[in-house]
Amino acid sequence: MKTLRVLTGITTSGTPHLGNYVGAIRPTVRASRLAHVDSFYFLADYHALIKVGEPARVQRSTLEIAATWLACGLDPEQVTFYRQSDIPEIPELTWLLTCVTGKGLLNRAHAYKASVDKNSAAGLEPDDGVTAGLFMYPVLMAADILMFNAHKVPVGRDQVQHIEMARDMASSFNHLYGEHFTLPEAEIEAHVATLPGLDGRKMSKSYDNTIPLFVPRDQLRKLIMGIVTDSRAPGEPKDTEGSALFQIYQAFASTEETAGLAKAYDDGIAWGDAKQLLFERLEQEIAPMRTVYDELMNDPARIERTLLAGAEKARATSRPFTARLRHAVGLRALDSQPVQAPVTKPGKSAAPVFKQYRETDGQFRFKLLDAKGSVLLQSIGFASPREAAQTIARLRQDGPTALTELQNLLENQADTALVQAALAHLQEDHT
Ligand code: TRP
């Protein structure tokens, strides 16, 4: 029995690099093999539209990331692997969540705030160049997570705030409409140090210092030879501390191998030889996956089929769950019976109710019952259900005042003060 549901997505806006592999892809593929984990992995292509305005690049990146995940050992039979935009229930849930999310909450999102701060610093309008898509980013992400009631969401540190916002949205929705959503938790890969790039800063597309995971062998070698080092000559001892080369090696090698390289640094290994060692160690792990990757990239139709099958699997959950959520918020077929009496607002006592019924004499009557079911008020017999309903409507609308106006249609069955209080309660709920 799989008890823990883990979900994560990758935005399809670029080509996976070694940093993505070490920080996200490798750990999630490993986690997906654990017997007790039910994994949901997806390609966040709606999210890509927020920052990428190039259709061809979105398509290309979606293909590359899907191929990467599969080449790295993700088994679509064992996990639910899909593309976000194949699940129309996601944008639908985004709207339901939008309506329970404070605008102020979204104002505090780091990504949005960073844009505003940058604009202010440049003397521009705070929202200059900010799309509503960027502003709504956390709501779309919450929909991704809450749709499948994920318990754990493995993410980088920069995404933790988004998971907290998803929790807030889930709580607000649950509070208003009943317990529908699991509150998700972020899972940070704490022991994985962020990988340095070619220039020694964090490997990131925005620094243009990445080593793509699946470049051809020759190109990989060339890139590695370009990693920054200091100017120490062969024979001079070298520092592992602050060496990008060493840190990348460490992310791939065993503890013993890493100790071996540390010793070689101490013994004054030439930078060229150290780079060759790193290249060989990377090749050992990457080469077999690269073969699969190249095959997959040459057969996009196969990936497309895999993703569509994954979407069907995901929608087996998202379709019925969305039907339940639609019902919960009141998006219902008009001829469906209201399943329950109106939900009592928190902080108020349980509401009185009207009950309509037909007597054996063929006439239509109604009663007003208090929260415990005692009769407070009873109507005379009406010729049609419509007249009974109209009388109820006036009582709801006008509250206690209607009591006097309609007195010849009604019979108090309890203390007038109690009846008036009940009508006042319903009137509040009504407005
Ligand atoms: N925002 C994430 C990123 O850029 C990608 C993402 C989208 C995601 N939806 C998600 C991650 C849901 C985890 C869960 O890294």
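Biologist: Is Ile 90 buried or exposed?
Modeller: In this predicted model, Ile 90 is found in helix H4, residues 89-98. The cut-off for burial is 20 or more other C-beta atoms within 10 Å. Ile 90 has 22 C-beta neighbours inside 10 Å, so it counts as buried.

Biologist: Which residues does Ile 90 touch, not counting residues up to four places away in sequence?
Modeller: One of the partners is Ala 143, whose own contacts beyond four places in sequence are Ile 90, Leu 93, Thr 94 and Leu 97. Lys 113 is 23 residues from Ile 90 in sequence and 25 Å from it in space, C-alpha to C-alpha. With residues up to four places away set aside, Ile 90 touches Gln 84, Ala 143, Asp 144 and Met 147.

Biologist: Which element gives the largest share of the largest nonpolar core?
Modeller: This core has 78 residues, and those touching the most other members are Trp 69, Ala 142, Ala 143, Leu 146 and Ala 166. Nine residues of the core, the largest share, come from H7.

Biologist: Which element gives the largest share of the shell around the ligand?
Modeller: The shell consists of Leu 7, Thr 8, Gly 9, Thr 11, Ala 44, His 47, Met 141, Asp 144, Ile 145, Val 153, Val 155 and Gln 159. Two or more residues each come from strand E1 (4-11), helix H7 (132-147) and strand E4 (152-155). The largest share is four residues, and it comes from E1.

Biologist: How many residues of the shell around the ligand are nonpolar, polar and charged?
Modeller: Asp counts as charged and Gly as polar. Asp 144 and Gly 9 both belong to the shell. The division is six nonpolar, five polar and one charged.

Biologist: Where is Asn 149, and is it buried or partly exposed?
Modeller: Asn 149 has its place in the loop between H7 and E4. Its phi is near 50°, a positive value in a residue other than glycine. With 17 C-beta neighbours inside 10 Å, Asn 149 counts as partly exposed.

Biologist: Which residue is 4.8 Å from Tyr 82 in space, C-alpha to C-alpha?
Modeller: Tyr 82 is found in strand E3, residues 80-83, and counts as buried with 26 C-beta neighbours inside 10 Å. Beyond four places in sequence, Tyr 82 touches Phe 42, Ile 87, Leu 307, Gly 310, Ala 311 and Ala 314. The residue 228 places away in sequence and 4.8 Å away in space is Gly 310.

Biologist: Which helices are included in what covers the buried residues of H10?
Modeller: Seven of the nine residues of helix H10 (244-252) are buried. They are Ala 244, Leu 245, Phe 246, Ile 248, Tyr 249, Gln 250 and Ala 251. Their cover includes helix H1 (18-32), helix H11 (255-266) and helix H12 (271-297).

Biologist: Which strands stand at the edges of the open sheet of four strands?
Modeller: The order in the sheet is E6-E7-E8-E9, with antiparallel pairing. Each edge strand has a single partner strand, so one side of each is left without a neighbour in the sheet; these are E6 (353-358) and E9 (410-412).

Biologist: What angle does the direction of helix H14 make with that of E7?
Modeller: From one strand to the next, the twist of the sheet averages 20°. Helix H14 (385-398) packs on this sheet and touches E6, E7 (364-369) and E8. The angle between the directions of H14 and E7 is about 30°.

Biologist: What is the bridge partner of Ser 379 in E9?
Modeller: Three bridges join strand E8 (375-379) to E9, and the two run antiparallel. Leu 377 stands opposite Asn 412. The partner of Ser 379 is Leu 410.

Biologist: Which residue takes a positive phi in the hairpin of E7 and E8?
Modeller: E7 and E8 run antiparallel and are joined by three bridges, and Leu 369 has Val 375 as its bridge partner. Five residues stand between the strands, and the one with a positive phi, near 95°, is Gly 373.

Key. Residues numbered from 1 in each chain as written. Predicted model: local features only at pLDDT ≥ 70, side-chain atom pairs only at ≥ 80, totals over all residues. Pairing = 2+ DSSP bridges. Axes fitted to C-alpha atoms, helices over the stretch in contact; angles between N-to-C directions. Contact = placed C-beta atoms within 7 Å. Near = placed C-beta within 6 Å. Core = buried A, V, L, I, M, F, W, Y, C linked by C-beta atoms within 7 Å. Buried ≥ 20, exposed ≤ 12 C-beta atoms within 10 Å, placed from the backbone.
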